[in-house]
Amino acid sequence: MQSVIWLITTVLDLYVWVLIIGALLSWLIAFGVVNVRNRFVAMVENFCQRVTEPVLRPIRRVIPNLGGIDISPMVLILLIMFIERLLYELLA
């Protein structure tokens with residue numbers, strides 16, 4: 001059972017990193033630091049968008065608009081951290 005929980009938490013940790021990379025990349029694109037016409041940047045941005053958007057969309061519907069500040073990745077990261085701790089407590 002520990003191996004299954006380890007696998008689940010590892011996948012969740014990787015998903016958190018994809019969320020962080022996606023958020024940072026969106027800021028860098030918005031401020032013009034990186035160019036979307038670069039093939040690698042476009043590929044990473046497209047991957048992060050496709051992986052995170054289906055999970056972030058329902059959270060964005062619930063959270064009120066804060067005037068250009070998107071806190072849905074932070075809410076999802078906190079939710080993932082809660083799920084990980086809950087799994088460890090269930091194991092103990």
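This is a predicted model: local features need pLDDT of at least 70, side-chain atom pairs count only at pLDDT 80 or more; totals for chains, interfaces and linings use all residues.
Figure 1. Leaving aside neighbours within four places in sequence, isoleucine 80 is in contact with Leu12, Tyr15, Val16 and Leu19. Isoleucine 80 belongs to helix α3. With a relative accessible area of 5%, isoleucine 80 is buried, because buried means under 20%. Leucine 12 lies 68 residues from isoleucine 80 in sequence, yet the two C-alpha atoms are 6.8 Å apart in space.

**Figure 2. The largest nonpolar core.** This core has 9 residues in all: Leu12, Tyr15, Val16, Leu19, Leu56, Ile59, Leu76, Ile77 and Ile80. Helices α1 (2-30), α2 and α3 are the elements that give two or more residues to the core. The largest share, 4 residues, comes from α1.

**Figure 3. Helix α1 and its buried residues.** The 29 residues of α1 should span 42 Å at 1.5 Å a residue, and the end C-alpha atoms are 42 Å apart, which agrees. Buried positions in α1 are Ile5, Thr9, Leu12, Tyr15, Val16, Val18, Leu19, Ala23 and Leu25. An α-helix has 3.6 residues a turn, so residues three or four places apart point the same way. The buried residues of α1 pack against both α2 and α3. Just after α1 comes glycine 32, with a positive phi of about 75°.

**Figure 4. Packing of α1 and α3.** Two packed helices are described by the angle between their axes and the distance between the axes. For α1 and α3 the angle is about 170° and the axes are 10 Å apart. The two helices are therefore roughly antiparallel to each other, since angles over 145 degrees count as such. On the α1 side, the contact is made by Gln2, Ile5, Ile8, Thr9, Leu12, Asp13, Tyr15, Val16, Leu19 and Ile20. On the α3 side, Pro73, Leu76, Ile77, Ile80, Ile83, Glu84, Leu87, Tyr88 and Leu91 take part. By class, the residues of this contact are 15 nonpolar, 2 polar and 2 charged.

**Figure 5. Packing of α2 and α3.** Helix α2 covers residues 39-62 and helix α3 covers residues 72-91. Their packing angle is about 110°, and their axes are 9 Å apart. That angle makes α2 roughly perpendicular to α3, because the range for this class is 65 to 115 degrees. Val55, Leu56, Ile59 and Arg60 of α2 meet Ser72, Pro73, Val75 and Leu76 of α3. The contact of α2 with α3 divides into 6 nonpolar residues, 1 polar and 1 charged.

**Figure 6. Glutamate 53 in helix α2.** Glutamate 53 is buried, at a relative accessible area of 17%. Not counting residues up to four places away in sequence, glutamate 53 touches Cys48 and Arg60. Arg60 is also among the α2 residues that meet α3.

**Figure 7. Aspartate 13 in helix α1.** Aspartate 13 is partly exposed, with a relative accessible area of 36%. Aspartate 13 is one of the α1 residues in the contact with α3. Leucine 66 is 53 residues from aspartate 13 along the chain, and their C-alpha atoms are separated by 27 Å.

Key. Residues are numbered from 1 along each chain as its sequence is written. Side-chain values use heavy atoms; hydrogens and water are left out. Axes are lines fitted to C-alpha atoms, for helices over the stretch in contact, and angles run from 0 to 180 degrees between N-to-C directions. Angles under 35 degrees count as roughly parallel, over 145 as roughly antiparallel, 65 to 115 as roughly perpendicular and the rest as oblique. Contact means heavy atoms within 4.5 Å. Ala, Val, Leu, Ile, Met, Phe, Trp, Tyr, Cys and Pro count as nonpolar, Asp, Glu, Lys and Arg as charged, and the others, Gly among them, as polar. A nonpolar core is a set of buried Ala, Val, Leu, Ile, Met, Phe, Trp, Tyr and Cys residues joined through side-chain atoms within 4.5 Å. Buried means under 20% relative accessible area, exposed over 50%, partly exposed in between (1.4 Å probe, protein chains only). The expected span of a helix is 1.5 Å times one less than its number of residues.
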